[in-house]
Every structure is written in C-alpha cells, then in structure tokens.
Amino acid sequence: WTHGSFMSAPAPTSVTVGAAMSSWLHADVAFSIVAETTPGDRVFAVGTSETLGAWDPRAALELTTAPETYPQWSGIGRLLAPTCVKACMEYKMVILKQDGGVCWEEGPNRKLLELHCASTAADATAHGPRAPLAEAPRFGCAPADGQQAHVVFRISACGIPRDLSTVSTCFPDEDSPRLINSASMTSSACLPGCAMVSEEGEEGEEEAIESAPVALRLWAGAHRTAKPEGKCEDAYFFSASAAGVADGVGSMKDFTAYGVDAAAYAADLMAGASGALHRRGAESEAEASAPRERTAKAVAAADAAASTYGASTITVLALEGAEVGVTNLGDSGFMLLRPEPWGGMKLVERSREQNHSFNTPYQLTRVPPALMQKIGGRGLDSPEDGESYLCNVQPGDLLLLYTDGLTDNLHWFEMLKLIDDLVMTPSERASPEAIAKALVVAAQERSLDETAETPFSKNARRHRCDWPGGKVDDVTVVAAWVVPEGDASAVLEGITLSCLHDPAAFRQAVF
C-alpha cells in the first residue's frame with residue numbers, strides 16, 4: 001500500500017457517533033486509496049456508517065480499480081458526513097483476500113474530516129480559520145491521538161448531486177479518458193443546484209448563481225534538468241495561453257553520423273508548435289478552431305515544419321476561454337489539478353501514455369533519406385496517431401506538462417503530496433517555477449536511487465523485465481496556474497522557449 005501497510009488484525013472497536021444528527025449532512029463522499037494487491041483481492045472502506053457496513057467488511061463500500069488506473073482503488077458512497085468538529089465518523093480500509101481472509105488496516109481508526117459547507121466565500125469564513133492540515137499519515141505509521149486523517153477520501157459535493165456523472169473522480173472507468181463536468185465543481189462553495197438536507201431533514205433547493213465568464217490566462221514557469229551523462233534532449237515552451245514539452249529519443253544518438261540530433265529535433269518541434277499556436281492573424285474569430293483541434297493542428301504543423309533530424313514525443317496545450325485543449329503523442333503528458341476545500345489539490349484529469357511496447361513510446365520521427373532507406377518508413381508514427389483532450393478549467397486550477405523522466409520516477413500521488421506541501425504553506429501562492437523545480441528535483445533524485453519502487457520498475461516487472469530502482473533520464477516540467485486575465489502574477493508577454501545547449505537557460509520570442 002502506498003500510504004503504508006496492512007496486517008491481519010481483529011476488527012476495530014465500534015465508535016458511537018458523538019454528535020446530534022443536526023451536525024451531519026447527506027453527501028456523496030468519494031474514497032480513494034492506492035493499494036498493491038494480488039489477483040482476486042477486493043478492497044473495501046468500512047466504518048461507522050451503514051453505507052460503510054457498520055464495521056462489517058462484507059457489507060462495506062467496495063472500491064474498484066482498472067488496469068489503466070491500478071494501483072488506485074476508488075468508490076463513492078452516499079452517507080451522512082459530519083459538518084462540525086464535534087461529530088465523528090470513523091473508518092478503515094480492509095482487503096478481503098481471495099482465500100476468505102480479512103486484512104485490516106493497522107493503527108487507530110481514521111476519522112472523516114468535518115464537511116465545510118458554505119454558499120459564498122463570505123459564508124465560508126464563518127467557520128473560522130482552519131488549522132493547518134497535518135501531513136498525510138502513511139499506513140503502518142499510526143496517527144497521533146486525535147489526529148484526523150485525510151488521505152483516502154475526497155468530499156466531492158456539499159449535498160447530493162442529482163447526476164452522479166458530476167461527482168469528481170481522479171480517473172475514468174473506461175479505457176478512453178472521460179472528462180469531468182468542471183462546471184459543476186467548486187472549490188470553496190456548495191454546488192449550485194444540489195438537493196440539500198437541512199438540519200430538520202427537509203430538502204431545499206439552492207439557487208444557482210449566474211456569473212459572467214471570467215477571461216483566463218496562464219501563469220506559467222518551467223524547470224528542466226539533464227541526465228548525469230550526455231546532453232539534455234528535452235525541450236519546452238510556454239506563454240500566457242499555451243505550453244508544450246518534447247522528449248527527444250535518446251537512442252537516436254546511434255545515428256549521429258547521419259546528422260541526427262534528437263535534442264535539436266525536440267527543440268525544433270517546440271518552436272514549430274508554439275509558432276503555429278500564436279500565428280492566428282489569418283484566422284478570423286468565426287473560423288477559429290476549438291483548443292483541442294488547435295493543438296492537434298499545432299503538432300501537425302510542427303512535424304511538417306521541422307528541418308532537423310531526430311525522434312521525439314510531444315505534448316501541446318492551448319487555453320481558449322474556459323477550455324484547455326491538449327494533444328499528446330507518446331509517453332510525455334499532462335495533468336489537470338484543482339484546489340480542494342481543505343487547501344490541497346486533487347487530480348481531475350491526466351493523459352494516457354501511448355506505447356507500442358515496454359519503453360517504446362509513440363514518437364514523431366524525421367530522418368535523412370539515406371537513413372530512411374536503411375530503416376524503412378513503415379510503422380513510423382504520425383501526428384494523427386496522437387490523442388487529444390478537452391477540459392474545462394477555472395481560476396485556481398494547476399496544469400502540469402512533463403516528460404516521462406517525471407512519471408517514470410514519481411507516482412502521481414507523490415507529486416500531489418509535493419504540490420500540497422508547497423500550496424498549503426502560509427506564505428504566498430507557490431510560483432509555477434517553484435512547483436516545476438520541486439517536481440524535477442524529486443524525480444531526478446529518485447532516478448538515481450537503485451532500490452526505489454518506481455512506476456518504471458513496477459511496469460518493467462509487469463513486462464517480465466528486471467529494472468530495479470529509478471530510471472535515469474532528462475526531466476522537464478512546465479507548471480501553469482489558471483488565473484484571471486488581470487492577475488498581477490501573469491505578466492508574461494511572448495513565448496518562453498528552452499535553450500538547446502543549456503538545460504537551465506531559456507529564451508524569449510515575440511509573437
């Protein structure tokens with residue numbers, strides 16, 4: 001288990017609800033946990049609530065996973081959630097083994113944090129200042145007396161959503177990504193239009209608040225580091241409305257005699273994609289493409305305009321209004337994070353890696369004719385092979401673009417923990433450069449650890465390959481806060497592009 005370990009143990013002592021029912025509110029609560037299990041095992045959230053089985057594991061809330069989301073298990077249960085610190089709901093996670101055994105989470109019962117419910121920002125302050133959230137406890141490390149845990153659940157709505165498709169979930173259940181209805185999500189207020197249960201138990205209707213759309217832009221920054229030996233073959237760009245990363249394929253160094261340079265090719269792709277996204281003078285507003293189509297066109301334009309030789313993955317993002325479009329080819333990618341009411345971030349959407357086989361990602365390739373005759377042109381990937389995404393965004397969202405040096409060495413929940421530590425400090429809002437650097441440094445350190453349990457080493461085992469520890473690689477992250485147009489932080493004009501010969505350097509371009 002990512003947050004610790006499980007052990008066989010007797011069932012926990014049942015806990016009596018310590019507050020009147022007026023301190024509780026019906027809500028759909030999403031439980032999420034990262035668990036390493038064996039085939040046939042089932043994972044449950046069990047606790048005081050009837051929905052959680054009243055401490056009976058076989059009547060508890062079953063969590064599910066899928067091949068593309070494992071080892072994350074998640075499930076949504078409709079239950080009464082506490083709305084004040086005097087109320088108490090406790091729970092644990094359990095594994096029902098295939099042979100009938102029950103493994104209880106060790107340590108004291110976990111406590112569901114009270115549900116902060118407010119219809120306006122002003123009302124939210126009526127709850128008083130919230131105490132700083134304790135560090136997420138790890139399984140096997142019991143929380144101190146009275147400490148509340150927060151790592152395994154997400155309260156997705158203050159009330160009962162009419163349509164469960166609007167409930168937040170970190171990952172889709174289908175093979176293809178399913179986007180969350182972002183318009184139905186809020187970070188500091190109850191969802192408009194939710195059926196609410198009053199203290200007397202009567203349903204009321206919250207009036208939806210109509211507000212004018214806010215013009216948005218990106219406050220972006222980046223950090224990049226090279227592997228210990230050899231040059232950095234990653235490249236990136238960002239602006240107030242777009243961003244991209246490219247990861248030059250290191251094995252192309254075998255063809256340097258033919259004039260192949262994967263680092264130069266990756267930089268070439270970033271220059272071409274950024275130029276395509278910002279050259280819109282000839283495109284009228286009526287003919288303007290949606291952001292998803294714009295990024296797909298930008299990838300195709302970068303591929304067609306490249307003048308250097310090499311191979312590279314590519315991810316390109318564009319912001320248009322309150323929508324973000326992304327096109328990804330290969331094992332680089334993006335994540336969309338959104339603030340939680342308690343101050344941390346949750347994972348709303350992420351791209352899916354595209355691989356032909358283990359450690360063989362989709363990639364754009366351009367080689368000289370002499371080399372093409374030797375390797376043949378069959379089987380080469382094209383821009384049309386990329387996958388495109390469309391996400392609704394709102395102020396306060398955080399977008400991450402990255403090369404696989406990040407995701408091969410850090411699990412997604414480790415990234416969220418690093419970001420939470422930055423955004424929940426009492427200092428000013430964490431800058432995108434600081435977030436990008438923290439992720440890159442952590443990934444680089446992990447890549448040099450020969451004993452670490454990394455996403456890459458786990459994936460290697462699934463493919464019957466022996467690759468313990470981290471994967472040494474270049475690491476690049478572009479981080480971008482979604483902010484209102486007038487935000488003083490987002491003063492960038494023009495395009496920032498990485499420099500070819502110095503991983504720490506960048507250059508500015510005007511569009």
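1. Ala262, at 4% relative accessibility, counts as buried (buried means under 20% relative accessible area, exposed over 50%, and partly exposed in between, with a 1.4 Å probe and protein chains only). The residue lies in helix 2, residues 262–278, where helices (H or I, at least four residues) and strands (E, at least two) are DSSP runs numbered from the N terminus. Leaving aside neighbours within four places in sequence, Ala262 is in contact with Glu233, Gly248, Val249, Met252, Tyr309, Gly310 and Ala311, contact meaning heavy atoms within 4.5 Å. Ala311, one of these partners, is 49 residues away from Ala262 in sequence, while the two C-alpha atoms are 5.7 Å apart in space.

2. A word on the basis of this note: the model is predicted, so that local features need pLDDT of at least 70 and side-chain atom pairs count only at pLDDT 80 or more, whereas totals for chains, interfaces and linings use all residues. Residues are numbered from 1 along each chain as its sequence is written, and side-chain values use heavy atoms, with hydrogens and water left out.

3. Asp41 is placed in the loop between strand 2 (24–34) and strand 3 (42–47), and it counts as buried because its relative accessibility is 7%. Its side chain is joined to that of Thr38 by a polar contact of 2.7 Å and to that of Lys97 by a polar contact of 2.9 Å; a polar contact is a pair of N or O atoms within 3.5 Å, and within protein one must be able to donate a hydrogen and the other to accept it, while residues adjacent in sequence count only if both atoms are side-chain atoms. Apart from neighbours within four places in sequence, Asp41 is in contact with Trp73, Ile95, Leu96, Lys97 and Gln98.

4. Strand 17, residues 333–339, is mostly covered, since seven of its seven residues are buried. In a regular strand the side chains alternate between the two faces of the sheet. Here both faces are covered, with Gly333, Met335, Leu337 and Pro339 buried on one side and Phe334, Leu336 and Arg338 buried on the other.

5. Strand 17 pairs with strand 23 (residues 398–402) in the antiparallel sense over five bridges, where two strands pair if DSSP finds at least two bridges between them; in this pairing, Phe334 has Leu401 of strand 23 as its bridge partner. Strand 17 is also joined by five bridges to strand 18 (residues 345–350), again running antiparallel, and Leu337 stands opposite Leu347 there. Strands 17 and 18 form a hairpin with five residues between them, and Gly343 in the turn has a positive phi of about 115 degrees.

6. Positive phi values also deserve a look in residues other than glycine. Ala54 has a phi near 50 degrees; it is found in the loop between strand 3 and strand 4 (61–63) and is partly exposed, with a relative accessible area of 35%. Arg464 has a phi near 60 degrees; its place is in the loop between helix 8 (455–462) and strand 24 (475–484), and it counts as exposed at 74% relative accessibility.

7. Which residues of helix 6 are buried? They are Trp412, Phe413, Glu414, Met415, Leu416, Ile419 and Asp420. The length of helix 6 (residues 412–423) agrees with expectation, because its 12 residues at 1.5 Å a residue should span 16 Å and its end C-alpha atoms are 16 Å apart; the expected span is 1.5 Å times one less than the number of residues.
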